[in-house]
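Me: I'm new to this one and would like to learn how to read it. Can you walk me through it, feature by feature?

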Amino acid sequence: SPTSGDPVLDRAAARGRAPALMRLHPLGVGPDLWRHAFLEVCWTGKAGSPFNLGHQSVHPGNSLVEAVSETGLIGGLALAALWLALLVQSYRAACGPPGPWSRIGYTALNLLACTLVIGFFGAPLHEPATAMLFWAAAGLTQVALWGAAERTGATGILVPHPRPFVPRPV
């Protein structure tokens, strides 16, 4: 994030600006437009702001805030729902019968939970290594849950169901 060199001015200029951006653009500002919209709309729009458009904002320091700002409330809720569903699925796989699938579910649960916690302080899905680990853990969760869990309980709808392969002409 940009800085003027004076932490007091920086905090005063940034306070309440992310919610202001979300109010101005409820459907989001568009992918990868956080830095431009945040500087142009919020920081330069506040009287006495030490920032100008020459400053460079990298990211807000919170993946969920950035997702809501870029994709709107619906996109942010979709990302939160995805994370929640994957955490519940990996928890169900980890709590399955002892065996290799429950260990894979436990590992995926730890990877997904760590990525979520890191998401509150940075942008893990913007970095190739952590994004790859996130999506690999998401895929392993589906396989582990399919292999280890029974399809009962309140979260039974989250268990992937096999579909028979039916060849179709192209």
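Reply: A helix here is a DSSP run of at least four residues, numbered from the N terminus. Keep in mind that this is a predicted model. Helix 4 covers residues 63–94, and I74 sits in it.

Me: Is I74 buried or exposed, and why?

Reply: The general idea is a cut-off: exposed means over 50% relative accessible area, and buried means under 20%. I74 has 70% relative accessibility, so it counts as exposed.

Me: What about S90, buried or exposed?

Reply: S90 is in helix 4 too, but S90 counts as buried because its relative accessibility is 0%. A polar atom of its side chain lies 3.1 Å from the backbone oxygen of L87.

Me: Which residues does S90 touch, not counting those up to four places away in sequence?

Reply: They are G105, A108, L109, L112 and T141.

Me: How many residues does the largest nonpolar core have?

Reply: A nonpolar core is a set of buried residues of nonpolar types joined through side-chain atoms. The largest one here has 12 residues, among them W83, L86, L87, L112, F134 and A138. Helix 4, helix 5 (100–119) and helix 6 (128–148) each give two or more residues to this core. Helix 4 provides the largest share, with five residues.

Me: And which contacts does A138 make, leaving aside neighbours within four places in sequence?

Reply: A138 is in contact with L86 and L112.

Definitions and conventions: Residues numbered from 1 in each chain as written. Predicted model: local features only at pLDDT ≥ 70, side-chain atom pairs only at ≥ 80, totals over all residues. Heavy atoms only, no water. Buried < 20%, exposed > 50% of the residue type's maximum accessible area, 1.4 Å probe, protein only. Polar contact = N/O pair within 3.5 Å; in protein donor to acceptor, adjacent residues only side chain to side chain. Contact = heavy atoms within 4.5 Å. Core = buried A, V, L, I, M, F, W, Y, C linked by side-chain atoms within 4.5 Å.
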